[in-house]
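I opened the model and kept notes as I went. The entries follow the order in which I looked things up.

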Amino acid sequence: MRIVIVDDSGLRATVLEEGLREAGYEDIHLVPPQGPFVARIERIAPDVVLMDLGSPSRDTLEEMLAISRALAKPIAMFVDQSDEDMIGAAIDAGVSAYVVDGLRKDRVKPILDLAIRRFNAFARMQAELDEAKTALAERRTIDRAKAILMESRQLSEADAYALLRTTAMNQGRRIAEVAEALITASSLLGGKM
Amino acid sequence: MTSISIAFVPLTDSAVLVAAREKGFAAEQGIELNLVRSTSWATLRDRLVYGQVQAAHMLAPLAIGVTLGLSQHRTALAAPFKLNVNGNALTMSTAFAAALDPDLPRRIDDPIAAAHDFAGAIGLHFRKPIIGVVHRFSSHALMLRYWLAYAGVDPDRDLTLRVLPPSLMVEALRNGEIDGFIAGAPWASVATAEGIGEMVAGGARIWQRGVEKVLAFRTQWMESEPDLVDRLLRALSRAAAWCDEPANHAELAELLADRRYVAQPAERIMPALSGTVVPRLGEPAITVPDWLLFHREAAGFPWRSQALWIYSQFVRWKMIDPSAKAERLAADVFRSDIYRRALGNAGVPMPGASMKLEGALGAPLAVGAHQGALTLGPDRFFDGRVFDPHHVATYLAELETR
């Protein structure tokens, strides 16, 4: 069973590839959807192509499937149109799968199930990572705003923070937003960043 | 409030959907509109076909292609409303365009001369020109084929048509992966503003009233929800009127510029709305008043003859074998009956017929209408040919013998 993963996110592709290898699939090829990627896929001649549903290059891939003479057998989307639950879960997870004609459903389903699980896991990981990044960026913003207050109003660090917090509470905004506004105002007024 | 999800691709001609949501036209009809951004036509199609959304902002030929089973899973789709008319432009690299008429307004205004120039330029180019099209089943691809075939170009032999999503066209042109592209707004304006390409032809000059995006439903869902569908069409019709009003264009451009929608600067979106486009960086703008239509002339009305023209082009380019059954299925995608039911009492001009000769009007013409006065604008094809929807085979035979 030869599987191609078309994905531009290195990490997500890796997460999926690892999962497939753990499940015993060995013939796996990663192809980023850039430049002449379609010609590469034609040369690999896969049985299954897995692709991110959000990839803008899906139309390019489907055009290849429509006109390619290099592929011995037609490849069509998903496996069994009657399995609506699985198709729904795949779309929710952001997975699209193209499968070579004649491949038995019971051979493809485990791959698709695995891709769905891995894509979902990756999405959760990504959300956690984004959250952590946002938190870090906000901490930096607040630190800069504190520094501005400490310098321009001769406050201690604790007092500067208290002032930001009180302002935020009074205005019903988040501390990071108040800090951001302060930094912008300060730079407009020619203060130090 | 009833919630409806509609998938769209970030393009200027998603305007009617965006305005329906943002300007309250949907809410007035008790509809909460959830717009689902999709970066490929394949994903938009899948979301509609597999029921993740109830409707989609779809390329008219794709709606017909899906119904005919030409694009993955065959599903009966119905298009009771057109979201716009026209709006496309062909943009070529400055290197390729150097072989064409340097007089830009003349180039756009005279597609006959431009087609011959283009045909000549193909031989002068250092490789077989690679032209980006958004989809095999797009109005853009059909229009490009129609235009160049006039000058003796066989698009499947003399060109490489490469399918790319609209949002990647500019980058591909910059990298030299393609020599030009035909896409909807705002992408031609983005490429020209960056100085990497220039406009070579406008869709509105190839077919003056070319079909572009439709609102597509799964037929089965549409027929199970008549009341909701009627309310949605009324909301969209009012939104389309708002979008067509020049006084609203600046606000509309701002709405579309939002990162949830087109995510391009408002000044790149404005040209197609106002019909004032800059064909090459640093040159004066040219004005094409019918560059993009949303509402006037009953623009939303899905003429069955237009669906048949699309079918005729599928046959012409061997995307499907001709058959009476396919012809009927294609015509049935355009549901003028639903448009009539939904908007019959909504105060919009209603055409008396559902089929017409396409390309027969050289000047505006007042036509029979059930309510209000309706004037149709000139709808000529640039080569002067007229499409009679009752005689598809004759039309195709005549195109062959050019």
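**Overall size of chain B**

I began with the radius of gyration. For 402 residues, a compact globule would come near 21 Å, and chain B has 20 Å, which agrees. This is a predicted model, so I treat every value here as computed from it. I then took the extents: the C-alpha trace of chain B spans about 60 × 45 × 40 Å along its principal axes.

Next, burial. In chain B, 57% of the 402 residues are buried. I also looked at contacts with a separation of 6 or more in chain B. Of these, 75% join residues 24 or more positions apart. For secondary structure I noted 20 helices and 16 strands in chain B.

**The core**

Which residues have the most contacts inside the largest nonpolar core? I found B:V16, B:A19, B:A63, B:A79 and B:A216, in a core of 143 residues. Helix α14(B) supplies the largest share of this core, 9 residues. Domain 1 (2-85 + 211-264 + 292-343) and domain 2 (87-208) of chain B both contribute residues, so the core lies between them.

Neighbours within four places in sequence were left aside. The remaining contacts of B:A63 are B:M58, B:L77, B:A79, B:V214, B:A216 and B:V333. Two of these partners, B:A79 and B:A216, are also on the list of residues with the most contacts inside the core.

Another core lies apart from the 143-residue one. It has 31 residues, among them A:V48, A:A90, A:Y98 and A:F122.

**Helix α14 of chain B**

I checked the geometry of α14(B), residues 226-244. At 1.5 Å a residue, its 19 residues should span 27 Å, and the end C-alpha atoms are 27 Å apart, which agrees. Is this helix enclosed or open? I counted 14 of its 19 residues as buried, so α14(B) is largely enclosed by the rest of the structure.

**Chain A and the interface**

I turned to chain A. Its domain assignment gives domain 1 (2-128) and domain 2 (131-188). The C-alpha centres of these two domains of chain A lie 46 Å apart.

Then I looked at where the chains meet. In chain B, 19 residues are in contact with 19 residues of chain A. On the chain B side, the elements giving two or more residues are α3 (41-49) and α10 (166-174). Helix α3(B) gives the most, with 5 residues. By type, I logged the chain B side as 7 nonpolar, 8 polar and 4 charged.

Technical notes:
Residues are numbered from 1 along each chain as its sequence is written. Chains are lettered from A and ligands numbered from 1 in the order in which they are written. This is a predicted model: local features need pLDDT of at least 70, side-chain atom pairs count only at pLDDT 80 or more; totals for chains, interfaces and linings use all residues. Two residues are in contact if their C-beta atoms, placed from the backbone, lie within 7 Å. Helices (H or I, at least four residues) and strands (E, at least two) are DSSP runs, numbered from the N terminus. Ala, Val, Leu, Ile, Met, Phe, Trp, Tyr, Cys and Pro count as nonpolar, Asp, Glu, Lys and Arg as charged, and the others, Gly among them, as polar. The expected span of a helix is 1.5 Å times one less than its number of residues. A residue is buried if 20 or more other C-beta atoms lie within 10 Å of its own, exposed if 12 or fewer, and partly exposed in between; C-beta atoms are placed from the backbone. The radius of gyration is taken over C-alpha atoms; the globule rule is 2.2 Å times the number of residues to the power 0.38. Domain bounds come from an automatic or database domain assignment. A nonpolar core is a set of buried Ala, Val, Leu, Ile, Met, Phe, Trp, Tyr and Cys residues joined through C-beta atoms within 7 Å.
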